[in-house]
Amino acid sequence: MTAFGLDPVTAVLLVPLAAAAVLALLPDFRLAARLNVAAALATLVAALSLFAGRPEPGIYILVDDLNIVFIVLSTFVGFTTSVFSASYIGHEVEIGRLTPAYLRFYHAMYQTLMFAMNLALIANNIGLMWVAIEIATLTTVLMVGIYRTHQALEAAWKYFILGSVGIALALFGTILVYMAARPVVGEGVEAMVWTVLAENARLFDPALLNLAFVFLLLGYGTKVGLAPLHAWLPDAHAEGPTPISAVLSGLLLNVALYAVLRFKILLAANPDAIAPGPLMVVLGLLSLNFAAYMLYRRRDIKRMFAYSSIEHMGIIVFAFGMGGPLANFAGLLHMTMHSLTKSAIFFSVGHIAQVKGTQRIADIGGLTETHPWLGWGLVLGVVAIAGMPPLGIFMSEFLIVSSTFAREPLLVIPLVAGLLAAVGALFLRLNAIAFGEPRGPVAAAKASYVPMFVHLALVAGAGIFLPGPLVEWFQHIARLLG
Amino acid sequence: MGAGTGRAMIDPLALLCVAALLATSVAAVVLRRSPFVSPIVYLATLAVSAGLVVYALIHLASGAAPVSHVLPLGLPWLGAHFRIDQLSAFFLLVTNLGAAGASLFALGSGRHEHAPERVLPFYPAFLAGMNIVIQADDAFTILLSWEFMSLASWALVMAHHRDRDNTRAGYIYLVMAGFGTFCLLLAFGLLAGPDGSYGFAAIRGAQQTPAVGAFVLALALVGAGSKAGLVPLHVWLPLAHPAAPSHVSALMSGVMTKVAVYCFIRIVFDLIGTPAWWAGLVVLVLGGITAALGVLYALMQHDLKRLLAYHTVENIGIIFIGLGLALAFRANEMTAGAALALTAALFHVLNHSLFKSLLFFGAGAVLTATGERDMERLGGLIHRMPVTSLTFLVGCAAISALPPLNGFASEWLTFQAILISPELPQWGLKFSIPTVGALLALSAALAAACFVKAFGITFLGRPRTRAAEVALEVDRCSLAAMAIFAGLCVLIGILPGFVIDLLAPVTASLVDNRMPAQSAVPWLSIVPIAESRSSYNGLLVFVFIAASAAIAALAIHRLASRAVRRSDPWDCGFPDPDPATQYTAGSFAQPIRRVFGTLVFRAAERVEMPPPGTLAPARFEVTVRDLIWDWLYLPIAAGVGFTADRLNTLQFLTIRRYLALVFVTLVFLLVVLALWP
Amino acid sequence: MTGTFVFDVAHLLAGSVVLVSLILLYQRRLYALLNVFALHAFFLALSVAWQAFIQAAPHLYITAAIALVFKAIIIPVVLHRMIVRLGIHREIETVVGIGPTMLFGLGLVALSTVTMLEVTVEADPLAREDLAFALSVVLLGLLVMVTRRNAVSQVVGFMSLENGLVLAATGAKGMPFVVEISVAFSVLIAFIVIGIFLFRIRERFDTVDVHELDRFRGEAL
Amino acid sequence: MALIFDLLVQGAQMALVLLAAPLLTGVVRKVKARLLRRRGPSVLQPYRDLIRLLRKEVVLAHNASWLFRLTPYLVFAATWVAAALVPTFAMGLHFSWSADLIAITALIASARFFLALAGMDVGTSFGGIGSSREVMIASLAEPAMIMITFTLALIAGSTQLSNIAAFMLSPDAGLSVSLGLALVALIIVAIAENARVPVDNPATHLELTMVHEAMVLEYSGRHLAMIEFAASLKLVVYLSLIACIFVPWGLAGAEAGMSALTIGVAAYVAKLGVGAVLLALFETAIAKMRVFRAPEFLGGAFMLGLLASLLLFVARSQ
C-alpha cells in the first residue's frame, strides 16, 4: 500500500532524502526532473497512506489529526510544484539562466527541502522540529540565491541573516519550554516530546511559558512572514526560481505556522498563562493591513504576490488568534485554500515571466488577449485570492469576518479595511496585467497548465462543496486548537 | 433547519433552470470555436428565462405556499437553502422577464459582438447568479451568489477591455461591489449571531434587539444601496453600466439593481422584524435625494447609455421613496398605507425593469447601427430606424411617467401613498414627506425634460454625422425584443389593476395587509384607498385620447384641405445647410444647467470669443463635476495612496534596520510581559 | 562541595559573560571588539565546563571545547585576517553613541531580570539566574547587531547572541541536543563568515558583490 | 336612462369646452386691445383663424417625420380629454373618476412632451430653443402643480376634482392660508403653462424672444390649427380648474336636474368671462420678463405649493 513497502512515515522522510542523494549525482537534468516528479509523487502516496494506518506516537515521530492535514497538503503541493518545475526549468536552461550543474544542485535541494518540511511536520520533539525548520530555511536560502544575480544574492543574504536571527530566537523559546517542562516531566528527552508536554502543560510555570511563547512567536513568526518580521519574504519570493516561490508561499509559511500553532495549543492548555490569542490577533491585523497597502506600489509581479502571501498569513494568524470552533475552522480552510491558490498563481506567474522575459508589471499587459490560458488562469487565481466566490477563500473569509463581527465588532473594522484595500490593489494590478492593450512579447508559452488548473479546480470546488469527512476532520482539529 | 417542511413539497424547477444556465456558460466555453455558439447560448438563456417567467407567474397567481429546498452545498453544516415565497416569485418574474428580453435582443445584436468569447460564457452565469440571489434562503448562499453576480457582471463590463475607460469602470465597479458585499456580510454576521446560525429560518425566529436591527438596517442600506445605486454610492453605476454590451447594460440597469432592491426588502421587511419609524425617514430621504440628483446628473450627459444609467439612479430613488414610506407606515401599524406604498415600490420595480431594458435595447440598436453612443454625433435616426425610434419613444414616454403608460401608474400610486401620510404621528416624517414628494414631482418633470432631449437629439432633427446618416434598421430579433417590451409598457399602463392584484400576496406576506382587490372595481380602473379619494383608469384615458385624436383627425381630413407641400424649413433669412447648427444635447440642457447647475455640480461655462476679424473659431466649454466624487471618493483614494507611499519606504530598508524592527518588537513584547498583571 | 558554592561559581561565570557582553557594546575598534569577543567565548566555555562538571554531563565538555576552540580562537583569528585582506577600516561605526547604547544595554539586563523574576521558584534558582543572564546576553547580542553598522561587528553581535543561547541550553539541566545545537550554530556562523568573505562584504551587510554596486533595495527599477 | 343622461352631460361638457375655447382667446385679445386703446379684432376672430388655417395647405419641412405630423392630433386629444375631465358646469361628470387632478396634470404634461419633440423634429435652432425653454419652464411648473394638488387633496381629502369641488361647496371648507397660497401658485402655473406674459408672449413675432411660438414655428395649415386650438383649450382647462376649485359656486350637483345644469352653464360662462378680463388686465399691466427670470418666478410657485402642503401636514397632527 505504501511507496516502497516500508511504513509510511519512514517513506515520507526517506524517499525525499534518498531522492536528494540520487539527484545530486544525476547529470541529465531532464531525467532528474522526471525523477524529481516521481519522488514527489511517491512521497505524496506515502503521505496519503498515512490516512490508512498511522503509527503510535514515539518520542521523535508523531502523526495526529493536526499535522496529517499539513503533511498531505505539503506533499501534494510539493508534487504539483515538481510537475510545474519540470516544465519551468526547461525554459530556464534554454535561455541559459541555469546550467545543468546548477540544476543538479537545484533538484537535490528541492528534495532536501521536502524532507526537511515533512520532518518538521512529523516531528514529535520540539528540538527536532526546530532542527528541521532550520534545515528547511538554509536550503531555501541556497535556492533563492541560485540565479547568482546581484539581486538574487542580496535577497538570499537578507533571508539568511534575518532567518538566522529567527532561528536563534526560536531556539531560545524551545529551551525555555524545556525549562518549563523539566520540573514537571523530569529531565531528558521526555521534556521535549510534544505529546508529553501537551498532557502536562497545565502544570508548567506560566511565566516561563509566556516568555517561551513570545520567543517562539517571533522566531517562527519570522518564517511565517508576519509584519514586522517579514522583510526577507518579498525579496526571497521575487528573486528565487518561481517553483521555490510557490513552495515558499504554499508550504514553508504553513510549516512555520504549524509550529506556532503547536505552541499555541501548549499555552492554551495552561490556565495561568497569558492568552496567546490577542498577540496573534494583533500581529495578524498588522500584517494584513501592512501588506494590503504595500501591494499598491509594487512594480514586480512576483514580489506583489509575495506581499499578498503576507496578507493572507495575517488573516490566518488572526483567525487562529480569535480561536473558537468557527474561526479555527475558517483558519484551517483559509490556510489550505491559500496554499493551493497562491502556488497556482505562482505557476502562472512563472510562465508569464518566462514568456514576457520580465517580472516588471509595467511591461506585461493584455495577457487574456495574447495568452488566454495563462491570462485567465491568473485572473481566476487573483479572483480566488481576493476572496471572491465561488472560490474557497470566500467561504473562509465569510466565516472569519462574520464570526468576528458577532464576537468582537470593533476588530472587524481593521480587518475589513485591510481586506478591501488588498482587493483594490490586486485588481488594480490585474487590470494592467490581464487586460488592456497587450504589451511585451506575444510568443506562445511552452507551459504545463495542468498543475495550475488542478489547484484552481480544487479551490473552486471547495468554495461550493466541501466533502463531509474533510469538514468533520477540520472541525475536530478546530476543537483541538481550542 | 426549515428543510423539513420544504422537502415534503419539492418542485425544483427554478433550481434546475439555474443549473441549466450554469451548464450553458460551460457550454459557451467548450463551444467557443463553433460559429453557432452565440445563437445557441442566447436561445438557451431565452428558453430558460421564459420558463422561469411562466413558473414565477404561476407561483404568484396561484398564491402557492413557499417552496424550499436544501442542497448539500455551501456551508457544510448548514447546506444551501433555497426558498421561493411570493416576494422571490415576484422578483423571479422581474428578473427573468428582463433576461428573456435581453436574450432575445442579443440573439440578433450578438452577431455584431466583436469579442463574443468574452461575453458568452459570463452572460448565463450572470443570469444564474441573479436567480440564485433571489432564491437563496441562507446568508452564505445569498452572499455567495450576490458576489458571484457582481463578478460575472464585472467580467462582462471588462468584455471590451481595450478601452481604458472600461477597465477603469470595471475596477471601480469591483471595488464598490466588494465594499457592498462586506456591508451585507456584516449585516448577516450580526443577524446570525456568534454561533453562526446563518439560515434565514433561524434568523427570522431569533428576536433582534432594536440596536441590532438599526445596525443591520444601516448596513443593508449601504450594502444593497451600493449595488442599487443610491446616492452617494452611485458613482460606479454610470461608469460600469454603459461599458458593458448593450443587452448586458440593460440587465445591469434594469434587473441587477432590482436584485439589490430585493436583497434590501428581504433583510429589512422580512428578517429584522419591524424597525423604528426613523428607519423609514432615512430611507425616504435618501430615496428623494437620489431621485433628484440622479435625474439632474442624467440631464447633463450626452452619452446616451450613460444618461440611461443615471436615470436608473433616479428610478431607484423613486423605488426607495416607496420603500421608506412603507417602513414608516409599518412602524406605526398603518398596514393599509404600508401595503399601498410597498405596492407602489414593487410596481415601479417591474415598470422600471421593463422600460429601462427597452431603452437600453434602443441605445444598443443605435450603437449597432451607427457605432455611436454620443448623442452629439447622432440625429435624424427616426427616418432610418422607424421601429427602433417608435419603441424608444414609448420607453421615453413611459419613464417620463406620462399617462396612459406604466411609469405613470406606479408614480401615481407613490403620490397616493404620500397623500395619506399626514396621519403619521412623527414630526420628522411630517416635515420630510412633503419635501420628498416635491423632490419626486421635480424629478418626474425633469425626467420628462431629459427624455425630450434624449429622443429629440438622437432620433429627431438632421443627422449630425455620416454614421447617423447611413444608419440602417437593426435585425428582427432586436426589434422583436423592443416591440414586446414596448407592448408590455402600454399594456401594464392601461391595465395596472392586474399587476396590483398580482402584488397583493407579496405585500400581504410582508406587511400583513394588501391593497383592495382591483379586479372588482368597475371599468378596470384602480382605486388605492376609496372611490371618493382617488382613482385612475389608464384604459379609459387611453381610449379617450385615441378616440378624440381619431375624431379630430377624421373630421379634419373630411373638412379641411389635405394638401401637403414639402419645402425647406423656415430659416429666418439665414440658411443653415450645416446640421451642426442644430440644437445640441448640451445646448438643450443649458437652461436647466443654469437653474440647478452651479448649485448641484459646480457647472462652469467658459466662452472664448475671438476678436472680430480673426478667423479663429469661438469656443464654448462647459465643465460639470460630480461633487460626490470630488468630496467623498477622491479623498479616500488620496488617503490610500498616501498610506501606500508612506509604508512603501519599508520595502527599502537596510538589513540592520529590519533587524532593528525585530529587536524592537521583541523588547516591546518582553516589556508587555514584564508589566502583565 | 556545598550547593551554595556551586551556585556561586556558576553564577559568577554566567554573570561575567553578561559583563563581557556589556564590554562588547563599549568597543570602538574592530580588533578590540574581536579580542573582547574571544574573552566572551572563553568565559562561556568556562561556564559550560562548570555546568558539565556540576551536572555530571560529560557531553557538555564537547560544547565547551567547541566554544573555546572555534569561537574563542578560530573565528576571531579568521575575522582578524579578513579585516586585513578586505582592507576594512578599523573604526566601528555606531548608529547611536556608545553612552546611550550602554544605558540601553543596562536597561535590557534589567528587563530580562524582571521578566525572569516572575518565574516561580520551584523552577530551581540556578536555572532561573542562568536564564536571566542568558536572556540578557541574547538581548545584548541583538543590540550589538542593531546598533553597529559594520558587517564584522554585526557578526560578532550574532555570535554573542548565540553564546547566550548556549549558556541557556547548558543551564537547562539535562537538556538533550545541546551539543548538536552548538555544532549546528557553529556551522551557521561559519556560513555567515564564509558569506562575508565570498561576497567581499566590506562595510555593510547590504552591499554584496565585488564592486560596490548601487544598492539593491528590492524593487528593480 | 340615468346613464344616457350622464353621457349626455359629459358630451355637453366636451362640446362646451370645444366651443368656448376660441371664444375665450378672442375675448382676451379683445380686452387687451381695448385696454391698449385699439379696437382689436372681433371676439370671433379665433374661429375665423382656425377655419382659414384648416383651408390652407400644409407646408412640411423636408425632413419632417411622422412624429411631426402625428403630434398636433395627440396634443389636441390630450388637452381635450383633460378639458373634458375638469368639472366646468356640473360635478357629477360620468367619467370624472377615470382621471384625478394628478392624471390631468400628467395629461397636459404629455401633450407638452410631444409638442417639444415636434419642435426638435425639423432640426432648426428655433425649434430647439423653443423646446429647450419650454421643458425648462415645465420642469418647474409641473412640480408646482403637483404640490398644489397635494394641498387641495389634503384639504379636501381627495384628488378627484368633483370631490374637491363638492368639498369646497360644503360648509366645512373654511378659509385657510394654504388655500390662498395654492391659489397664487396655481395662477402662476397657469400663466406659465399657457405661455402668457410675463413668462412668454403669445403675440410677439421675434422668434428668439418666444418660447411656445418658436417651438411650433414649423407648423402650418391644419396642423397649426390643431395646435392653436389645443393652446386655447389649455387656457380653458386652467381657467376651469381655478373656477371649479376656488369659485365652485353655481356648479350643478351630482344628480342635478336640467335647471341646475343651465344655471351651472351660465355660471361657468360668467366665470370664464371674468377670468378672461382679469387675465387681460394682468397681461397689460405687466411686462414680459427675461427667460432666465422665469425659473425664479416658477420656483416661487413651487415653494408656495410646498409651503402650503407642509402647513397642512403639520396642521394634521392634532
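Tutor: In chain C, 72% of the contacts between residues at least 6 apart in sequence join residues at least 24 apart; two residues are in contact if their C-beta atoms, placed from the backbone, lie within 7 Å. This is a predicted model, in which local features need pLDDT of at least 70 and side-chain atom pairs count only at pLDDT 80 or more, while totals for chains, interfaces and linings use all residues. Residues are numbered from 1 along each chain as its sequence is written, and chains are lettered from A and ligands numbered from 1 in the order in which they are written.

Chain C has seven helices and zero strands, where helices (H or I, at least four residues) and strands (E, at least two) are DSSP runs numbered from the N terminus. Its order from the N terminus is α-α-α-α-α-α-α. Of its 221 residues, 48% count as buried, meaning that 20 or more other C-beta atoms, placed from the backbone, lie within 10 Å of a residue's own.

Helix 14 of chain B covers residues 335-370. Of its 36 residues, 34 are buried, so the rest of the structure largely encloses this helix. G371(B) follows helix 14 of chain B, with a positive phi near 70°.

Technical notes:
The expected span of a helix is 1.5 Å times one less than its number of residues. A residue is buried if 20 or more other C-beta atoms lie within 10 Å of its own, exposed if 12 or fewer, and partly exposed in between; C-beta atoms are placed from the backbone.
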